[in-house]
Amino acid sequence: MLKPVAAGFLPYVAMVAGVPFFNSSANIGGLPLLGLWILIWVVATPLFLLAAYRLLPRAEREEGGQ
Amino acid sequence: MTVPLIITAVIVAAAIVIGFASRGRTRMDLEQWTVAGRRYGGLLLWVLGAGEIYTTFTFLGAAGYGYAKGGPVFYILGYGALAYIISFFLLPPLWRYAKRHGLFTQADYFTSRFGSRWLGALAAVIGVIFVVPYGTLQLEGLGDIVTTVTNGKVSSAAAMVVAFGLAALFVFASGLRSAAWTSVLKDALLIIAVLIIGIGLPLKYFGSYAGLISAVNHAHPHDLALPGSSGVLGVPWMISTLLLTSMGFYMYPQAFMATYSARSAKAIRRNATFLPFYQILLLLMFYVGFTALLVVPGLKGPGTNFALLDLVKKGEPPWITGLVGGAGALAAIVPGAAIVLAAATLVGRNIYRDVIRPQAGDVAVLRVSRGFVLVVMAASLYIAIASPSLIVNLLLTAYDGVTQFFPAIALSLIWRRTSKTGVAAGLIVGVGLVLYLVISGHDPIWGLNAGLVALAANAIVTVAGSLLVPGRASREVMAAYAPSTAEGAIPRTAVIEEDTAAP
């Protein structure tokens, strides 16, 4: 379970750890830099969760016959 | 101002009809009423999740918080996505456990996993204490919306009593189904309303989002970064709040319970994967809040809740005001319904049955829970009418409280020795600290969200208590978290092998 957890939590760690470094109101194409930083990781989260799903052990993926 | 009133009233009436009709031909037993027979996948699970999560707080609170605080509002954009990441790993094992043990409520999990009715009752009491303010929040949101869109023609109290009186009745009749089906209408309208005003209003006044942000930066330099306009919500607050709220997200009794309604673990994971896209709508609400800051300046305190509605009335035609009013009202009614259902079931099952009348069967529990739907709603109405307050602060207090369930639940999945002694001590310390810190005005404390400080103390006590008096969950108990290829049909030995392979 280590690999899927690492893939899934990457955007979590990145978003939170980046806050001190991207804390600025500079206007980047209609968003303050702080907002843009958070938005990037929100949008990236589904991609990382899809990757995490593929890395799950077989039993976790093939459950319930669906 | 009769057009907005009529449109809002029609939308609310439609939701109430759907709420009653959602029962269909189903015979209501406890499992149908509380977790809709554990049959939801795809769209209904998605809207039920979104229905409970994206509430009046999303609608009025996000715009109002952006208006009042500036940059700190971006935590609201981030925490949902972080919560879905946690849920992707946390909820599937909990769902399997709940299905195999026939659980209905969040407190049932504590009773079952730690083998203690008293611990279940403690969890139920804590759940009810914190979920009622959250329900009250929904009521107040609805009252604010209706009063504003009708220019005060309909009083806030009258709107609350009518809308939530009827909501209590449809919950009584249809249970969780009413929340899921009304949520279909609510999400459709909410998305349309958010798109219309979130794109329309900023562009109307500022030409582009870039123009809006430049104008805010010019008028309020640096307020769109931390610590924002209040000056106290800095980087440590932001980080601690993201951590706290992402852990607490699914700890609300109604959100936890809605998870049980899933058809499969896979459906839960698919939901977690795609719900982050819903967060993007919140960004549009921040833009509305920032627009309001410049166009309708000077709102203070609880008045910032009205930032969005004031701006909509000023800048949009009456029918859009009505649509926004109706969508906003549903964003209060749907979660309100789910909250009342969860609170009533906690009382019926985990306090009435587990502690007062252990011999009560499912039929009696259903009857008592239904009675408590009416009691909890009446209590919420009383609190909402007697003492209105700023939406976001109320939410944060409730949030700090329910998050205290997180250490026990997360540890119980991976550590057999997590014990009822440790969990009870941790919960009492965590909840006690939250109440003390928030009520005595120490939030944030040392620049950190007070709820996270309480959570850390709670986790330490839970672990220490479990080391001193270890729990002894059997291999079978731990195996209930593990997947099986054919749900429920797998031979016991195979389940145990899965367990030893798990981390």
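In the predicted model, 55% of the contacts in chain A between residues at least 6 apart in sequence join residues at least 24 apart. Chain A contains three helices and two strands, and its elements follow the order α-β-β-α-α from the N terminus. The radius of gyration of chain A is 16 Å, whereas a compact globule of 66 residues would have a value near 11 Å. Along the principal axes, the C-alpha atoms of chain A occupy a box of roughly 50 × 20 × 10 Å. Of the 66 residues in chain A, 38% are buried.

The contact between chain A and chain B involves 37 residues from chain A and 45 residues from chain B. On the side of chain A that touches chain B, two or more residues each are provided by α1 (2-18), β2 (31-32), α2 (33-55) and α3 (58-61) of chain A. Helix α2(A) supplies the largest share of this side, twelve residues. Classified by residue type, the side of chain A that touches chain B comprises 22 nonpolar, twelve polar and three charged residues.

Within chain B, the axes of helix α5 (residues 74-101) and helix α14 (residues 276-295) come within 9 Å and cross at roughly 175°. Because angles over 145 degrees count as roughly antiparallel, α5(B) is described as roughly antiparallel to α14(B). In this pairing, I76(B), L77(B), G80(B), A81(B) and Y84(B) of α5(B) meet P276(B), Q279(B), L282(B) and L283(B) of α14(B). The contact of α5(B) with α14(B) has seven nonpolar and two polar residues, with no charged residues.

Methods. Residues are numbered from 1 along each chain as its sequence is written. Chains are lettered from A and ligands numbered from 1 in the order in which they are written. This is a predicted model: local features need pLDDT of at least 70, side-chain atom pairs count only at pLDDT 80 or more; totals for chains, interfaces and linings use all residues. Axes are lines fitted to C-alpha atoms, for helices over the stretch in contact, and angles run from 0 to 180 degrees between N-to-C directions. Helices (H or I, at least four residues) and strands (E, at least two) are DSSP runs, numbered from the N terminus. Angles under 35 degrees count as roughly parallel, over 145 as roughly antiparallel, 65 to 115 as roughly perpendicular and the rest as oblique. Two residues are in contact if their C-beta atoms, placed from the backbone, lie within 7 Å. Ala, Val, Leu, Ile, Met, Phe, Trp, Tyr, Cys and Pro count as nonpolar, Asp, Glu, Lys and Arg as charged, and the others, Gly among them, as polar. The radius of gyration is taken over C-alpha atoms; the globule rule is 2.2 Å times the number of residues to the power 0.38. A residue is buried if 20 or more other C-beta atoms lie within 10 Å of its own, exposed if 12 or fewer, and partly exposed in between; C-beta atoms are placed from the backbone.
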